[in-house]
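Q: I'd like to learn how to read ring contacts in a protein model. Could you walk me through some?

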Amino acid sequence: MESTGLRPDEVDVPEKAEETGAMDPVSPADTVDGMSLPPGLEAAWGLRERPHRGPKPGLSLPRIVEAGVQVAESEGLTAVSMSRVAAEVGAAPMSLYRHVASKDELVALMVDTVYGQFLVPTAAETGWRAGLAQLAGVMRAAMYRHPWILRVPIGGLPVRPNEVAWFEQFLACLHGTGLTEDEKSSVVLLVSGYVRNEASTNADIVAAVQASGMAPDEWMSGYGRLLARLTDPERFPAITRFIAAGVFERFDPPEREFTFGLDRILDGIDALVTERSRPEPE
């Protein structure tokens, strides 16, 4: 399992634009509050169109992004570079910059593409709790299926098409709960943050178990024995009772831990929804 991260200083920068000739003409960049949008973001939202004249280009943003995903899947996130992706699509590295501004932007679009593959509509009639649980489970499945996305830093608030679609789904689940829009935003952050933290923590634990060469139960019980040797019952009475209860004798399935934590979070949200639904005293 890939466990190394992507550093901000790993962005590929083209050295000589003249090596592949002039850039393809593009439409003027759309702006938000006077700020130009990155070309990849424009294209992802369908705001950047290719010229109507001339041959259809053989390279496209979806093809570049898919190639990046394939490299990350087979070789790990650290293998993704503009030159490596260019080789994957059989093009010159400079040609990629006509569609995406940097490796950071490419990686962000790769994550958005993966999330888009898992996005499914939630049934409104199931209720807010079942809807949030479904979205949390699907998001977790995406992270477990593509663990490299956990090594991509969160670069900001949702702005790419599938990120925004996920945000919309979460908010839609909370419609009719009586929560304020600010509270809905906090719920989305709470649930999605829990999912990412659980998936990231488990990925690190799995990597540690694999590196040890032990079976999961053997690794866990070994940790229990080590902790018992290191800790003094008088100084660590709670840990001593914990070890004596046999908790470290087995490796609990991640699904069990995930469900336990998610249920506790949903219980807390349920308490708030119930509070908001109470009529105000006269």
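Q: Where do Trp166 and Phe170 lie, and how many residues apart are they?
A: Keep in mind that this is a predicted model. Both residues belong to helix α7 (residues 161–173), and they are four residues apart, about one turn of the helix.

Q: What kind of aromatic pair do Trp166 and Phe170 form?
A: Look at the angle between the ring planes: under 30 degrees counts as stacked, over 60 as edge-to-face, and the rest as tilted. Here the planes make 35 degrees, with 6.4 Å centre to centre, so the pair is tilted. Trp166 and Phe170 are both buried. Ring pairs also join Tyr115 to Trp166 and Phe170 in a cluster.

Q: Why is the pair of Tyr194 and Phe258 stacked?
A: Because the planes of Tyr194 and Phe258 are at 20 degrees, with ring centres 5.7 Å apart. This pair links distant parts of the chain: Tyr194 is in helix α8 (residues 181–212) and Phe258 in helix α11 (residues 254–277), 64 residues apart.

Q: Are Tyr194 and Phe258 buried or exposed?
A: Buried means under 20% relative accessible area. Tyr194 has 16%, so it is buried, and Phe258 is buried with 4%.

Q: Which residue lies over the face of Phe258?
A: That's Arg140, at 4.5 Å from the ring centre. There's another case to look at: Arg264 has its charged end over the ring of Phe260, 5.1 Å from the centre.

Q: How many aromatic pairs does a search of the whole structure find?
A: Six.

Note on methods:
Residues are numbered from 1 along each chain as its sequence is written. This is a predicted model: local features need pLDDT of at least 70, side-chain atom pairs count only at pLDDT 80 or more; totals for chains, interfaces and linings use all residues. Side-chain values use heavy atoms; hydrogens and water are left out. Rings of Phe, Tyr and Trp (its six-membered ring) pair if their centres lie within 6.5 Å; planes under 30 degrees apart count as stacked, over 60 as edge-to-face and the rest as tilted. Helices (H or I, at least four residues) and strands (E, at least two) are DSSP runs, numbered from the N terminus. Buried means under 20% relative accessible area, exposed over 50%, partly exposed in between (1.4 Å probe, protein chains only). A charge sits over a ring if NZ of Lys or CZ of Arg is within 6 Å of the ring centre and within 35 degrees of the ring normal.
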